[in-house]
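Please read the following note with the sequence and the model side by side.

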Amino acid sequence: MTTMQHSASTSDVTATPSTASGTAPASVVGQQHQLKHANHSTASVRSARSSLELPRLQRPASWLPLPKLANYNGPFKVGVVDVEPRSSAVEKGLLLRMYFPTVDQPHTPHARWLPKRLMYSLGYADFMSIPAPLALFFVTPAMAPVDTPGYLNAPLRPESPATAATPALPGKLPVIFFSHGLAGMRTTYSTICGCLAAKGFIVVAVEHGDGSGAATARNEFTTRIPFRRPTKEEIQPGETQDEYLKRFRSGQVQYRADEIMAAVELIKAINAGTFDSKKDNILHNQTFDLTSFSGRLDLDNMAIAGHSFGGATTLEVLSRENHPFKCGVTTDPWMFPLLHLNRVTVPHLTIQSETFHWRDNINELSQMLKSANANPNNRVGMIKNTAHNDFSDFSGLFPSTLRRVGQTGKGDPLVCQLINDEWMTEFFRTFLTTSQLAIPEFPAYNIHDPVDTLDVVLKDEEALDHIFANLKK
């Protein structure tokens, strides 16, 4: 979730460095890290709009000073449903949340940001080393009241023609799988997922059971899966600490990728109508019927995305043979857990914050982007004045608190989240080419001919040059 917590370490095991030392000379940056496929200069198309004019996501109006999530960026209302199948291919079972377009729901409750308020708020607090008594008085009251803009167990919006208020919604909808970062869960990135669903995508956010979530559970939340930290006791005879940490994190990312593939099989079953939600879904098995999704999931137009450890998960999935995804998007991917850097052949967009960088991580990312197997449509970008947490819901909910402790950037996190949403959407529009959905176009992020790009956005070799030139000493 935070920059320092994305190293491979804990208090028990010395950290893999999360900051880099030294700054690459400009000439080296220009020669070693130029993307061979970039064929345009972003400097020539960037506008000079000031930061005061930057568009941003909008929070709902309220006279109470309570944390609120921003409204989703899209024409459709969003429904959500949690699914835990009774059986799956992964050992600990599968848990996920689906985000999707729905109809107006004036009498349907909004989904909670924390589905199990006490369990998840205490899990977040424990991850941040906040004692439980303090968490009960401060963390839980701050997080528990937060609702998402999505409606819990609302129906999938039927195929419908365009109206004055909404565009047409086709019979088949593209599917995006999303993988959360370290200490996250299926709602930590609800803004990313909800904004995509508001445009007509179906988003499948997996809550990972590898021990990387701050808190999670299975069997209708009766079987807890605690957050797992590396410990010295697990180091095998003759194994160095670095070897142990690599084994520990690569094992987690392999399990996470297995969960994504198990979720793909579940989505196939839901689309085929063979998943009986009343008996096969442990959660809400009497209140939501998934048969409305039968035949509505466009299995020929699927993509995957993830943040940090979820970015590593995304790349691990894309490195496997016979994966079903046409493209992938990562935000601040953590490269350390990956064993294979040169097997991703589908188009890959990676969006970077300005401060989540150390030399080993960015070197490995750069190596992957320009490897012999790399897709010529790979793209890299960076959003200025941002930090690692700005991609998650936390920065939008608690911007002042996170800024005081150095866990968010100098810019407005709702600007970052809008840029991220539009950039991802444009990339999906470009490569989900046979989708029936009229995916909105955002010309500023067109990979071939961008126009009117904001001055806080850097792209391709310009982004990498900036990152390498500003590595922390």
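**Note on the fold and helix packing**

1. Among contacts in the protein (heavy atoms within 4.5 Å) between residues at least 6 apart in sequence, 75% join residues at least 24 apart. This is a predicted model, in which local features need pLDDT of at least 70 and side-chain atom pairs count only at pLDDT 80 or more, while totals for chains, interfaces and linings use all residues. Residues are numbered from 1 along each chain as its sequence is written, and side-chain values use heavy atoms, with hydrogens and water left out.

2. The protein has twelve helices and 13 strands; these are DSSP runs numbered from the N terminus, helices being H or I of at least four residues and strands E of at least two. Of its 473 residues, 59% count as buried, where buried means under 20% relative accessible area with a 1.4 Å probe, protein chains only.

3. In the largest nonpolar core there are 137 residues, of which Met-98, Phe-177, Phe-293 and Phe-428 touch the most other members. Such a core is a set of buried Ala, Val, Leu, Ile, Met, Phe, Trp, Tyr and Cys residues joined through side-chain atoms within 4.5 Å. Helix α5 gives the most to this core, with 13 residues. Not counting residues up to four places away in sequence, Met-98 touches residues including Val-80, Ile-202, Ile-267 and Phe-293.

4. Helix α7 spans residues 309-318, and ten of its ten residues are buried. Which elements do the buried residues of α7 pack against? They pack against β5, α5, β9, β10, β11 and α8.

5. The axes of α5 and α7 come within 9 Å and cross at roughly 65°; axes are lines fitted to C-alpha atoms, for helices over the stretch in contact, and angles run from 0 to 180 degrees between N-to-C directions. That makes α5 roughly perpendicular to α7, a term covering 65 to 115 degrees. Residues of α5 including Arg-249, Val-253 and Ile-260 meet residues of α7, among them Phe-309, Thr-313 and Glu-316.

6. Helix α8 has its axis within 11 Å of that of α12 (residues 460-469), and the two cross at roughly 160°. The pair is therefore roughly antiparallel, the term for angles over 145 degrees. On the α8 side the contact is made by Arg-359, Ile-362, Asn-363 and Ser-366, and on the α12 side by Leu-464, Ile-467 and Phe-468.

Key. Buried < 20%, exposed > 50% of the residue type's maximum accessible area, 1.4 Å probe, protein only. Parallel < 35°, antiparallel > 145°, perpendicular 65-115°, else oblique.
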